[in-house]
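Me: I would like to go through this model by asking, for each label attached to it, what the label rests on. Please set the value beside the criterion each time and then draw the conclusion.

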Amino acid sequence: MQLASKLPSVGTTIFSVMSDLAAEYNAVNLGQGFPDFEPPEPLREALARAVAEGRNQYPPGIGVAALREQIAAKTAALYGRDTDPATEVTVTSGATEAIFAAIAATVSAGDEVIVLDPAYDCYVPAIALQNARAVRVPLAQPDFAIDWQRLTDAISARTRMIIVNSPHNPTGAVLQADDLARLAELLRDTSILVLADEVYEHMVFDGHAHQSLARHAELAARAFVVSSFGKTYHCTGWKIGYCVAPPALTAELRKVHQYLTFASFAPAQWALAEMLETQPDHHRQLADFYQAKRDRFRALLADTPLTLRDVPGGYFQLVDYRAVRDVDDVTFSQWLVREAGVVGVPLSPFFATKPDTRLLRLCFAKRDATLVAGAERLATLRGGH
């Protein structure tokens, strides 16, 4: 059978490839971005209780009311935005589903969607499946800040949406309040939508506040703001995320959502609602928790020949490895697994055009023992090979 692929350039993700290599070589996996520690005990107990209490059938497609109410309360408390849980909050099967639904609901054939490079790998396929075009705009190195002139130049009459991601995966860059102001000014008097991927919203470090688009009334009025309980509560396998958007955008997103997954894992929704209500200090203290891990990991890497980039947010550390080997990042990452038994993720798969950099992404959302083991192996590297 001859089949014309709708995604001819898409293969196995780099995350799966590197995780398979980790298993093959029994390597320390600092590649794929998931914790190797358990969710909080109160959350696990709440999940077991929800199952025992019979909350095991279809929940409302848009999400359990108690959870949507808690999401609205959290959005108001953190970002000062009053949100109607009935018309502006939708629970999804992970942030990935929310991102796809937002794009599918509002982007049509022939539209353009601006994607800031490097970009998480689920954006462009979702755009392509709408017969739309992704316009890749490089972020400015070395800090991966928005290049406002390039972004301005990329906007055309066909631009339907801009996707922003803060804290940014894979670089850890974060948007500042001035960025939100400039974005609002740029989009004023246009009908361009914004999709804000904010799954690492609670991981902004060094005393800074997360600049959610929900904080900015003008941007919030045209934005899908997406987050992830998996990242916040160390339960990525539960695949529960959510989207906050104005009523008109939410209505369109829900039309797509109901035919993607219809509803998401019910017991987890009840457990997360209880967690938000009874354990709000968890997400409030998450930045301190991950900042301590960041600082410990950076101290451990001081004995390696790797050069560390700044990490203002997220749970990834970028390292420049050119002092070890001056080869492309895919070659280096494969060599690193075989020679040092450590898995990292190369940056080039996040770009449309392969960058002239020597950077690797390492995840520090790991137990201390994992970080120590990985750092000890990396310390065996020698420069000049």
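Reply: Two strands pair if DSSP finds at least two bridges between them, and this is the criterion to keep in mind for a predicted model such as this one.

Me: What makes E2 and E8 a pair, and which residue stands opposite Gly-241?

Reply: Strand E2 (residues 89–92) and E8 are joined over four bridges in the antiparallel sense, and because at least two bridges are required, the two strands count as paired. Thr-92 is the residue that stands opposite Gly-241 in E8. Strand E7 (residues 223–228) also pairs with E8 over four bridges, again in the antiparallel sense, and there Val-225 has Val-244 as its bridge partner.

Me: Which residues of E8 point one way and which the other, and are they buried or exposed?

Reply: In strand E8 (residues 241–244), Gly-241 and Cys-243 point one way while Tyr-242 and Val-244 point the other way, and all are buried. In a regular strand the side chains alternate between the two faces of the sheet.

Me: Why is E5 described as largely enclosed?

Reply: Buried means under 20% relative accessible area, and six of the seven residues of strand E5 (residues 159–165) are buried, so the rest of the structure largely encloses this strand. Strand E3 (residues 112–117) runs parallel to E5 and is joined to it by four bridges, with Val-115 opposite Ile-163. E5 also pairs with strand E6 (residues 193–197), in the parallel sense and over five bridges, and here Met-161 stands opposite Leu-193.

Me: What makes E9 and E12 edge strands?

Reply: The open sheet has four strands in the order E9-E10-E13-E12, with antiparallel pairing. Strand E9 (307–308) and strand E12 (345–346) each pair on one side only, and they are the edge strands. E12 pairs with E13 over two bridges in the antiparallel sense, which meets the requirement of at least two, and Pro-346 stands opposite Leu-360 in E13.

Me: How do you know that the buried residues of H13 line one face?

Reply: The buried residues of helix H13 (residues 286–300) are Leu-286, Ala-287, Tyr-290, Gln-291, Lys-293, Arg-294 and Phe-297. Seen down the axis of H13, these buried residues fall within an arc of 160 degrees, so they line one face of the helix. An α-helix has 3.6 residues a turn, so residues three or four places apart point the same way. The face turned away from the buried side carries the exposed residues Asp-288 and Ala-299, whereas the cover over the buried residues includes helix H9 (229–232), helix H12 (281–284), strand E10 (316–320), strand E13 (359–363) and helix H15 (368–378).

Me: Why is Phe-144 called buried but Phe-262 partly exposed?

Reply: Phe-144 has a relative accessible area of 5%, and because the limit for buried is under 20%, Phe-144 is placed in that class. Phe-144 is placed in the loop between strand E4 (133–138) and helix H6 (148–154), while Phe-262 lies in the loop between helix H10 (247–260) and helix H11 (266–278).

Me: How do you know whether the protein as a whole agrees with a compact globule?

Reply: For 385 residues a compact globule would have a radius of gyration near 21 Å, and the protein has 21 Å, which agrees. Along its principal axes the C-alpha trace spans about 60 × 55 × 55 Å, and buried residues make up 55% of the 385 residues.

Methods:
Residues are numbered from 1 along each chain as its sequence is written. This is a predicted model: local features need pLDDT of at least 70, side-chain atom pairs count only at pLDDT 80 or more; totals for chains, interfaces and linings use all residues. Side-chain values use heavy atoms; hydrogens and water are left out. The expected span of a helix is 1.5 Å times one less than its number of residues. Buried means under 20% relative accessible area, exposed over 50%, partly exposed in between (1.4 Å probe, protein chains only). The arc is that of the directions from the helix axis to the C-beta atoms. Contact means heavy atoms within 4.5 Å. The radius of gyration is taken over C-alpha atoms; the globule rule is 2.2 Å times the number of residues to the power 0.38.
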